[in-house]
Amino acid sequence: MEQLILPSFAKINLVLRVLRKRRDGYHTLETVFQTIDLHDELTFSFYPSTHFHLVLDVGKSEIPADSSNLIYKACHLFHEAHPVPVRIEVQIEKRIPLQAGLGGGSSNAAVSLIALSRYFRRPLKRTELLSLARRLGADVPFFLYGGTALGTGRGDRIRRLPDWPSFPTLLVHPGIPCSTPGVYRSYDESGLLTRNRDFIKIHLDQRPESLKDLVILIENDLEQVVFAHYPELDSIKKKFVEAGAVTVSLTGSGSSLFGFFKTDGDPGEAAKKFPASTVARFVNRAEYRARVFGGK
Ligand code: C5P
């Protein structure tokens, strides 16, 4: 038996701009992803077997343990591309809140591809792995990179950005499950996307050096429609500001919010004002590679 115990990191979207609606129903985005140290833990146990068999143990989590789970889908897609018999047991310790805009499911899917790739000694080319990731979801390819990255297309065309410096961030989890397709539908109905927007903001060599540089960049086009549905999120945003935040934003399609605080420092004090919150730091690409891909 061989075992791999891997962290499956969450992401926040420091920038999320919706540029246009595509014919396939998706939206063209310009987004900056950032991995943070909040993570699930996935334990993959591999046993020799005469056929392919997968068992998911979701523990106390509410996520499904069946074929609708993205880990299941990822392992099966990998097996289709590299059909070698093995029995895989995956134990999932969930810590990333669900339907929160933190990419937990997408990260789990990418880490599953990485785990199988590592176990089988990397039988697929990087481009093949990327194409499997794309089939699993728009956010999945990012988690084959980690760190700071620009996502274009559906958010699935990834370009690495120079690591942005880490500023401690406070995440607040309102516990409202936000459905991503539902949020994009509301966005379409809202008429906010009245004309196609241009790619403008993110230059590949841009690297905010100070918290002030970072704050200028932060925006999320989906925030307005999500706040219209859930006014309590707007109240949480106000509470952030009262607690001294210099900026607050929704991540992805919500419902978690993240904020940065001026004192360069520890948002731990502010965290005490929010019942469900996490203080997180950025995970840069080198750390991501070392902890998920196992070094190099
Ligand atoms: O690819 P994924 O399954 O994560 O996307 C979930 C849904 O989010 C899509 O079905 C689509 O409704 C919406 N979406 C979108 N544009 C994107 C990403 C997601 O409209 N760029």
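## Pockets in this model

A pocket here is an open set of grid points with protein on both sides within 12 Å along at least five of seven lines, and its lining residues have an atom within 4 Å of a point. The structure is a predicted model.

## The largest pocket

The largest pocket holds about 1,200 Å³ of space. Its lining is made up of 44 residues, and those nearest the centre are Leu70, Ser106, Asp139, Thr180 and Pro181.

Several elements contribute to this lining. At least two residues come from each of strand S1 (2–21), strand S2 (27–47), helix H1 (70–81), helix H2 (104–119) and helix H4 (180–190). H4 provides the largest share, five residues. Both domain 1 (2–160) and domain 2 (169–280) take part, each giving at least three residues to the lining of the largest pocket. By residue class, this lining has 18 nonpolar, 19 polar and seven charged members.

## The second largest pocket

The volume of the second largest pocket is about 190 Å³. Eleven residues line this pocket, with Ser117, Arg122, Arg126, Leu129 and Phe293 nearest its centre.

H2, helix H3 (126–136) and helix H9 (285–293) each give at least two residues to the lining of the second largest pocket. The most, three residues, come from H2. The lining of the second largest pocket consists of six charged, four nonpolar and one polar residue.

## An element found in both linings

Helix H2 supplies at least two residues to the lining of the largest pocket, and H2 also gives three residues to the lining of the second largest pocket.

Definitions and conventions
Residues are numbered from 1 along each chain as its sequence is written. This is a predicted model: local features need pLDDT of at least 70, side-chain atom pairs count only at pLDDT 80 or more; totals for chains, interfaces and linings use all residues. Side-chain values use heavy atoms; hydrogens and water are left out. On a 1 Å grid over the protein atoms alone, a cavity is a set of points where a 1.4 Å probe fits but cannot get out, and a pocket is an open set with protein on both sides within 12 Å along at least five of seven lines; lining residues have an atom within 4 Å of a point. Grid points are joined across faces, edges and corners, and a volume is the space filled by probe spheres set on the points. Helices (H or I, at least four residues) and strands (E, at least two) are DSSP runs, numbered from the N terminus. Ala, Val, Leu, Ile, Met, Phe, Trp, Tyr, Cys and Pro count as nonpolar, Asp, Glu, Lys and Arg as charged, and the others, Gly among them, as polar. Domain bounds come from an automatic or database domain assignment.
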